[in-house]
Amino acid sequence: MVEKMKLLHITGPKYDIDRVVKLYLGKYDIHFENAMTSLNNLKNVRPFVETNLYKETAQKGEELKEYLEPLHKTDLEVTQEQAQEIILGAYGQLEEVLKKKEGLSGEIRRTKEWMAQTAPFIGLDFELCKLRDFHFIDYRFGRIKVENFHKMEQYLYHNPYTLFYECNNDSEYVWGVYFVPHTHLERVEAVYSSFQFEEIQIPDDLEDTPKQAFARAEKLLREQEQKLEGLKMQAADLVKSKEQEILAACDCLDSYCSNFEIRKFAACTNTLNEGEERYILYGWMANKDAEKLQREIAMDEKINCVEEEPGDDLGSKPPTKLKNPKILKPFEMFVEMYGLPGYNEMDPTLFIALTYTFMFGVMFGDVGQGACLVLGGALLYKIKGMRLAGIVAVGGIWSVIFGFLYGSFFGFEETIPALWMKPMDNIMTTLMLAIGFGAGLILLAMALNMVNAVRAKEYGRLLFNQSGLAGLICYGFVVACALLFVTGHALPATALIGAMVGIPLVAILLKEPLAHLVEKKGHLFPEGSKVMFFVEALVEGFDVVLSYATNTISFVRVGAFALSHAGMMGVVMTLAGLERGNPNWVVIILGNALVAGLEGLVVGIQVLRLEYYEMFSRFYTGNGKPFVSFKNRNQ
């Protein structure tokens with residue numbers, strides 16, 4: 001069902017808005033509307049725009065929390081002023097340590113970068129400072145892919161003007177340095193480039209051999225990391241001495257930062273007498289929550305709260321918040337996929353829960369496979385919270401029920417007796433019952449459409465829509481005549497059939513002018529040519545009659561899939577050699593798994609198609625807007 005709502009107008013001094021949200025509004029589910037949307041025509045009203053005063057301090061609090069155990073909590077409560085004082089005081093004591101820590105972290109980063117540059121060349125066993133004394137020989141450090149290096153070896157072997165010294169290698173690259181006389185540099189460098197030699201700049205301050213320099217850098221890095229750990233411990237000791245106060249302050253400031261976003265929905269105005277700025281908030285709440293809030297703020301002189309019942313005169317329509325028993329919660333997924341019901345529209349969750357699972361069971365009737373669906377779906381729903389798994393579990397219950405009615409257990413048709421009938425032994429009966437069941441559901445959908453039309457005060461839709469009273473009379477009478485014919489009873493007089501079918505059809509054709517007449521609208525006929533109106537009405541009437549027929553016949557798939565399941569399992573048993581008396585159990589198990597998975601998926605989709613196209617389209621619009629609680633907006 002759709003929970004009943006009230007619109008609250010909440011006002012108070014501008015400076016007091018954070019206290020109100022923290023103390024009162026933050027505890028309830030409330031859907032805020034943008035107040036400026038309703039008040040933008042007033043001259044003394046403006047948006048509530050402010051810089052977040054708590055953000056910077058809250059960020060400092062998060063830095064302090066890095067030195068505390070993540071699982072630690074506190075029951076201590078502090079005010080916003082106390083929270084800022086605690087955080088700023090602790091951060092001030094820690095600031096010098098943090099500066100040292102930041103500087104040391106930079107040194108460690110630079111040391112690691114230096115080591116990364118030097119590491120590939122630690123195989124070079126002479127001091128690099130001596131290379132800088134060369135006057136007639138040039139050198140280049142770099143790397144080359146292994147496959148290119150092997151190709152380049154032939155060039156190196158035949159060229160007396162260059163020498164390549166390999167320093168290191170892995171499965172992809174070879175690192176090294178090549179030497180070349182200065183007079184041949186350009187030509188040799190071009191050849192190395194053609195083999196995709198990538199030059200690497202080594203550190204300028206590298207004097208000893210790369211191996212010796214790298215070893216000293218490793219020692220330096222360990223010393224730097226030890227100093228960093230010491231600074232972290234020093235910072236942690238400073239913070240832990242005020243752990244409870246810091247945690248309480250961080251929780252307080254986090255809530256204030258989160259609640260600061262309420263200003264996006266608020267408006268500000270000045271009172272004529274005092275000139276004091278006041279905030280204005282509009283929000284939807286459930287009736288029971290609104291009553292509790294009113295009792296809480298009754299003695300708070302700084303808050304003024306007025307309730308308003310939902311009505312057509314409101315600037316915005318009420319949001320939709322579904323309230324259903326726990327067993328129906330999974331089926332809200334199908335409703336949300338189609339669209340939430342409008343505030344005054346009937347919630348179809350119960351309808352789809354009953355009809356979807358019932359048709360699923362009819363089409364997939366098997367005791368064993370249904371029990372597997374119940375067990376697997378229930379476990380997934382309980383462990384993972386998957387709503388689709390919950391739907392499968394309930395559908396599996398109906399599968400078990402119809403499995404007993406059909407006498408089917410994992411495809412074995414003789415293991416248990418059929419309490420009703422076997423679909424394959426009664427093919428025509430199965431298909432006719434499916435069509436009759438579909439006709440009954442279409443009539444029920446028409447009745448629900450009439451209920452929704454009354455709720456929406458759309459009396460033209462109630463009386464003359466193809467799914468309204470006229471459609472119910474026309475389609476219902478045809479269904480009644482078909483039932484009489486099938487059961488061998490006499491049909492009503494031709495004149496009565498013509499009147500009960502023809503008059504409602506004419507009303508459906510003329511639904512627009514008749515609806516305007518009933519609802520007392522100005523023009524009966526729409527603007528334009530009346531001839532074209534009647535031509536369009538005749539085409540639409542043909543479409544209505546055709547839709548009645550196709551929607552009804554569409555339900556034949558309910559019986560067809562019941563037959564399909566029995567047929568597919570019959571094929572599995574034949575392949576397993578059941579008739580020979582020595583069945584292959586591997587084939588039976590794999591066949592059951594394949595049929596259950598494939599047919600379960602197809603049946604689930606086909607039933608959902610029947611729900612959406614044959615029933616929902618007749619009575620349900622799904623144009624509601626979701627209820628978004630300010631408290632849970634980020635979840």
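**Briefing on a predicted protein chain**

The protein chain has 63 positive and 79 negative side chains, and the centres of these two sets lie 4 Å apart; Lys and Arg count as positive and Asp and Glu as negative, while His and the chain ends are not counted, and the place of a charge is taken as NZ of Lys, CZ of Arg, CG of Asp or CD of Glu. This is a predicted model, in which local features need pLDDT of at least 70 and side-chain atom pairs count only at pLDDT 80 or more, whereas totals for chains, interfaces and linings use all residues. Residues are numbered from 1 along each chain as its sequence is written, and side-chain values use heavy atoms, with hydrogens and water left out.

**The chain as a whole**

- The protein chain contains 21 helices and ten strands, where helices (H or I, at least four residues) and strands (E, at least two) are DSSP runs numbered from the N terminus.
- The radius of gyration of the protein chain is 39 Å, whereas a compact globule of 635 residues would have one near 26 Å; the radius is taken over C-alpha atoms, and the globule rule is 2.2 Å times the number of residues to the power 0.38.
- Taken along the principal axes, the box filled by the C-alpha atoms of the protein chain is roughly 120 × 95 × 60 Å.
- Of the 635 residues, 45% count as buried, a term that means under 20% relative accessible area, with exposed over 50% and partly exposed in between (1.4 Å probe, protein chains only).
- Among the contacts in the protein chain with a separation of 6 or more, 78% are accounted for by residues 24 or more positions apart, contact meaning heavy atoms within 4.5 Å.

- In helix H6 (residues 185–194), the residues Leu185, Val188 and Tyr192 are buried.
- These three cover an arc of only 80° around the axis, which puts them on the same side of H6; the arc is that of the directions from the helix axis to the C-beta atoms.
- The exposed residues Glu186 and Ser194 sit on the face of H6 turned away from its buried side, while the cover over the buried residues of H6 includes strand E4 (137–145), helix H5 (146–158), strand E5 (163–169) and strand E6 (173–181).
- Just after H6, Gln196 takes a positive phi of about 60°.
- In helix H18 (residues 511–518), Pro513, Ala515 and His516 are buried.
- Seen down the axis of H18, its buried residues fall within an arc of 160°, so they line one face of the helix.
- Just after H18, Lys520 has a positive phi of about 55°.

- Gln466 lies in the loop between helix H15 (459–464) and helix H16 (469–486), and its C-alpha atom is separated by 9.0 Å from that of Leu509, 43 residues apart along the chain.
- Not counting residues up to four places away in sequence, Gln466 touches Met446, Gly471, Ile508, Val544, Ser547, Tyr548 and Arg618.
- Glu332, found in helix H10 (residues 332–338), is buried, with a relative accessible area of 7%.
- Leaving aside neighbours within four places in sequence, Glu332 is in contact with Leu322, Asn324, Thr349 and Arg387.
- Glu296, found in helix H9 (residues 287–296), counts as partly exposed at 31% relative accessibility.
- Glu296 and Leu23 are 273 residues apart in sequence and 9.8 Å apart in space, C-alpha to C-alpha; leaving aside neighbours within four places in sequence, the contacts of Glu296 are Leu23, Tyr24, Lys27 and Tyr28.
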